[in-house]
Amino acid sequence: MLVKRGVHACVEFRSGKTLIVVDPGAFGLPADLPNADAILVTHDHFDHVDHAAVAAALAQNPAILVAGPQALADSAQYPVRVLSAGDTLTIGSGIDELSVEVVGRWQDITSRLDPPIQNLGYIIGGRVLHGGDALIEHGELDAVFVPLAAPWAKNIDVQDYLRDYPVSQVLGFHDWTLSEEGLEFAMKTLQENAEAFGARARALRPGESAEL
């Protein structure tokens, strides 16, 4: 499975001809969004879903499966398959198929002034977790995405998460708000945290890919 970083929280997962795009947000979109077999959205925030771009992709390719929490379906002007924790999907077919396991329920707390926000995570191919805006508990996995900059995750939260739910690879994302200097510091911190808990950090920049 090939994993390609997009801008901010967007990540592409590819197996042969099968393409899943998670969280194509307004900070930047993959050029091949209309070629996706599935667009999965963790929650209905502009940095995780660009509604106009998703609608345009569907206009070009109505076969795309768009899926996410109920809150996404409530706000979208296009068809959304509503998902919840425990659901499973199979995207693609044959040797190119990718499994999706849905986990989580809520965004980690950002502000005590806001109501709870629905947030789902997706385990792709049984190997890697994209948790959106939450550090979601999980079983045995190869890799997990963790934020490089997020108001809902302090550094100590990330450390506790990697300690309690160990993986072999830690992938950084959620970084659009950082300056170049801030990004370098965040990547260094990611590496230190990963190594402290027996993992390898993969600090992919937007457009870069890794084979998992």
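## Strand 3 and its sheet

Three bridges connect strand 3 and strand 4, and the two run parallel. V22 sits opposite L40 of strand 4. The model is predicted: local features need pLDDT of at least 70, side-chain atom pairs count only at pLDDT 80 or more, and totals for chains, interfaces and linings use all residues. Residues are numbered from 1 along each chain as its sequence is written, and side-chain values use heavy atoms, without hydrogens and water.

Strands (E, at least two residues) are DSSP runs, numbered from the N terminus. Two strands pair if DSSP finds at least two bridges between them.

| Pair | Sense | Bridges | Example partners |
|---|---|---|---|
| Strand 2 (residues 11-15) and strand 3 | antiparallel | five | S15 and T18 |
| Strand 4 (residues 38-40) and strand 5 (residues 65-68) | parallel | three | I39 and V66 |

Strand 2 and strand 3 make a hairpin, with two residues between them. In its turn, G16 has a positive phi of about 60 degrees.

Strand 3 spans residues 18-22, and five of the five are buried, so this strand is largely enclosed by the rest of the structure. Buried means under 20% relative accessible area (1.4 Å probe, protein chains only). T18, I20 and V22 point one way from strand 3; L19 and V21 point the other way.

The whole sheet is open, with seven strands in the order 6-5-4-3-2-1-14 and mixed pairing. Its edge strands are strand 6 (81-82) and strand 14 (209-211), each pairing on one side only.

Key:
Helix = DSSP H or I, 4+ residues; strand = E, 2+ residues; numbered from the N terminus. Buried < 20%, exposed > 50% of the residue type's maximum accessible area, 1.4 Å probe, protein only.
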